[in-house]
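Welcome! Here is a short briefing for anyone meeting this structure for the first time. Please take a look at the sequence and the model, then read on.

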Number of protein chains: 2
Amino acid sequence: MVTRAGIVVTGTEVLTGRVPDRNGPWLAEELRRLGVDVGHVVVVGDRPDDLRATLAFLGGLGTDLVITTGGLGPTADDLTAQVVAAHQGRSSAVDAGLEQRVAAVVERLMARRGWRSDPEATAAGVRKQATVPEGATVLEPVGTAPGLVVPPADGRTGPPVVVLPGPPGELRGMWPDAVAAAPVRAVLAGAGELRQETLRLWGTLEAQLAGTLREIEPELAGLEITTCLREGELEIVTRFAPDAQPAYDRLATVIGQRYADTLFSTGPALDELVVSALADRGLTIATGESCTGGLLAARLTERAGSSAYVLGGVTAYADSAKEQVLGVPAAVLAEHGAVSPEVARALAEGARDRFGAAIGVGITGIAGPGGGTAAKPVGTVHVCVVAPDGADQRALALFGSRSAVRERSVTMALHLLRQLLLGGPPA
Amino acid sequence: MVTRAGIVVTGTEVLTGRVPDRNGPWLAEELRRLGVDVGHVVVVGDRPDDLRATLAFLGGLGTDLVITTGGLGPTADDLTAQVVAAHQGRSSAVDAGLEQRVAAVVERLMARRGWRSDPEATAAGVRKQATVPEGATVLEPVGTAPGLVVPPADGRTGPPVVVLPGPPGELRGMWPDAVAAAPVRAVLAGAGELRQETLRLWGTLEAQLAGTLREIEPELAGLEITTCLREGELEIVTRFAPDAQPAYDRLATVIGQRYADTLFSTGPALDELVVSALADRGLTIATGESCTGGLLAARLTERAGSSAYVLGGVTAYADSAKEQVLGVPAAVLAEHGAVSPEVARALAEGARDRFGAAIGVGITGIAGPGGGTAAKPVGTVHVCVVAPDGADQRALALFGSRSAVRERSVTMALHLLRQLLLGGPPA
């Protein structure tokens, strides 16, 4: 029997898309490491009826553990703790010690920010946050809101509910305490190991892969395989219990044989491959970006320690910036236009030389929605990498929105880097 | 009676957080414009039982319309169309005309990318994608996957289910056809207008606002108010039917009076305020970023037409880059260190002068997790803006992960810009 969890993300701001949910995915991965499979992530607004119905739905599915995020703030629309208490058949009361601890946190916070305060309003909010269902385990606040682990009241059935705050930093800080709480430990004791492996192809159509999977299906028992195509990359993610390891090995062997010309990773994501190669080989890099406006530099500096290989980059949006900051010759701009293979190369070389880096990357294109012409429609992008081992470049004709064109251009630059640094499938 | 929809996002890749869901939020906002309120967004893996249970759950809630996204690909794990057909009590059959049209699209796609193809595997995938529940409306493919509108079979009850593909570009392209389909039109005919307004505060604690809302609660009937704190910004979003407009006007008046010193917007988001101010005043801008690695430049160039005001930016990650590319004096770096108010100012002035812009922004700091010292711990960030009307800068002590520190630094730079360009609450 697989141990299963359901996640409830509360907050009208998430439901309406104003704030992306960063907790559901993080919790799903943490739970997988603990051997727990997540069946559903349900996003609900700050409405008690909707939250109540969701808790009943997940309980009815035979879920072993329910985790809620958000709705623990001091305002009246934050009502998770009350609804969960009622769902589990428990009454609530103010925990005086907790009230004092939360009050102290709020005071420090306001003092540090120098914000004004109305003591009465603040106290009402604190009292709300310190109201705890009887029999629940309190998870000490990381920010101002305490978390809770609420088992069903005696005589009731259903999974324990872990109540966590919405801010990702607070939730993550509180997670070890949640995992250590007795009702959660009891659920985890029954969970086995759940492995997850990823194969990544660049340049294979999903339909083609589907044919291969159908063909070897009888050998794949015990594997949960999902394929996902994004930005031209085909990701095969497989989840399995340890006893299905031989089936997974067989899958990996078949894919390795039949897709040798497009399989570029048996694990790490593209960005990891590229920055590891830079770090391992002691190579430095600099970027010269036009239409991507700094996205490549931002992505290369996402990981800690990136100062070891990223020297910097220039977003040369205006033609004058291309000339003055990266030394793209005015004649090249005039002859070929800013969106041209020649300018992509000049941006790459300019960035490399300006920063004194080993590798330079240049990107220039038309991200749209305006600015296209018949000869150079929106989505026309030129990407160039100059590296010690050689140079390579691509002319792209991309589809989609402005942000899609920008993101795909960056991805293509990373594939060019990957291929120049590591070999493997062509970019 | 409010018209309500439920959204089902399918795909183990979304459930496990490898791919963020961009469809749920987009659909929620489109539906709101049509007067339809979204009650739940449910993310499920590619497992028929879980999808089946979710459709039953949403139907049982009295939902008027269900929309699914994803699971329409050619691989066996893509099973939305079959499960929805069974849920609505309809059998399915291959639509020969549709099969030909999908095949033509796949052929063009493979030819353009120059990818290899196994005709038999491809044909099986196409046939799967062209299998349609009887009585359903087909939504012509934008990519390769057609969408569907599937009403319940005669004698069954429950909402119609709109089946849309997962790739955001395909889903959005198909949306007008989905809205025009007869079963959807019938639902929309009953929907009223649903307004949404946003107030934004910078520097007010959520508990403080909660007190105000409690105090004037009797005057707020008919408003659904949600507050959300992120990156120090307190967002008050209110949804209401037209007859509650006077109540909303009263709320806006009270907030405007009591929070005049922190209310910075009665609508537009921070980024929009800043770029509109740049465009309106004809001011150009350039950035000099260290720890944020290009994120500010990327954010300033997110909107179409940004070349009118963004000249460019430099990511000066290495000290040598700060000196050589932006002219930060070596003596300043040596005396104050790279993370200092002096260097933030030199980066801002260097960017402004290097690009010949009206405004320069400099950011330097320690994003972590490594690199902190007792004197300059992780989260120490200096932000400076030099503009024609004056200059301003901030020393920040931020908390949280590397990405949180980077994002908050960029937000602070935008607030400094906002205040210098537009006045209003201090950054």
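What rotation superposes chain B on chain A? A rotation of 180° does it, with 0.0 Å of shift along its axis and an RMSD of 0.0 Å. That is the relation of a two-fold axis. Please keep in mind that this is a predicted model.

**Chain A as a whole**

- Chain A has 427 residues, and buried residues make up 52% of them.
- Its secondary structure consists of 16 helices and 17 strands.
- Along the principal axes, the C-alpha atoms of chain A fill a box of roughly 80 × 65 × 40 Å.
- Three domains divide chain A: domain 1 covers 3-189, domain 2 covers 195-265 and domain 3 covers 270-422.
- The centres of domain 1 and domain 2 of chain A, taken over C-alpha atoms, are separated by 37 Å.
- If you take the contacts in chain A between residues at least 6 apart in sequence, 66% of them join residues at least 24 apart.

**Strand β1 of chain A and its partners**

- One partner of β1(A) is strand β2 of chain A (residues 36-44): the two run parallel and are joined by eight bridges. Here Thr10(A) stands opposite Val44(A).
- Another partner of β1(A) is strand β3 of chain A (residues 65-69), also parallel, with five bridges. In this pairing Ala5(A) stands opposite Leu65(A).

**Where the two chains meet**

- Strand β2(A) also reaches across to the other chain: five bridges join β2(A) to strand β2 of chain B (residues 36-44), and these strands run antiparallel. Val42(A) stands opposite Val42(B) there.
- How many residues does the contact take from each chain? It takes 91 residues from chain B and 91 residues from chain A.
- On the side of chain B that touches chain A, helix α9 of chain B (residues 206-215) gives the largest share, eight residues.
- By class, that side of chain B has 45 nonpolar, 33 polar and 13 charged residues.
- The copies meet through the same surface, because 100% of the interface residues of chain B are also interface residues in chain A.

**Towards the end of chain B**

- Strand β16 of chain B (residues 380-387) and strand β17 of chain B (residues 390-397) run antiparallel and are joined by eight bridges. A hairpin of two residues links β16(B) to β17(B).
- In that pair of strands, Val383(B) has Arg394(B) in β17(B) as its bridge partner.
- Helix α16 of chain B (residues 402-422) has 21 residues, which should span 30 Å at 1.5 Å a residue; the end C-alpha atoms of the helix are 30 Å apart, so the two values agree.
- Is α16(B) largely enclosed or largely open? Since 16 of its 21 residues are buried, α16(B) is largely enclosed by the rest of the structure.

Technical notes:
Residues numbered from 1 in each chain as written. Chains lettered and ligands numbered in written order. Predicted model: local features only at pLDDT ≥ 70, side-chain atom pairs only at ≥ 80, totals over all residues. Least-squares fit on C-alpha atoms with pLDDT ≥ 70 in both. Contact = placed C-beta atoms within 7 Å. Domains from an automatic or database assignment. Pairing = 2+ DSSP bridges. Helix = DSSP H or I, 4+ residues; strand = E, 2+ residues; numbered from the N terminus. Nonpolar A, V, L, I, M, F, W, Y, C, P; charged D, E, K, R; others polar. Expected span 1.5 Å × (residues − 1). Buried ≥ 20, exposed ≤ 12 C-beta atoms within 10 Å, placed from the backbone.
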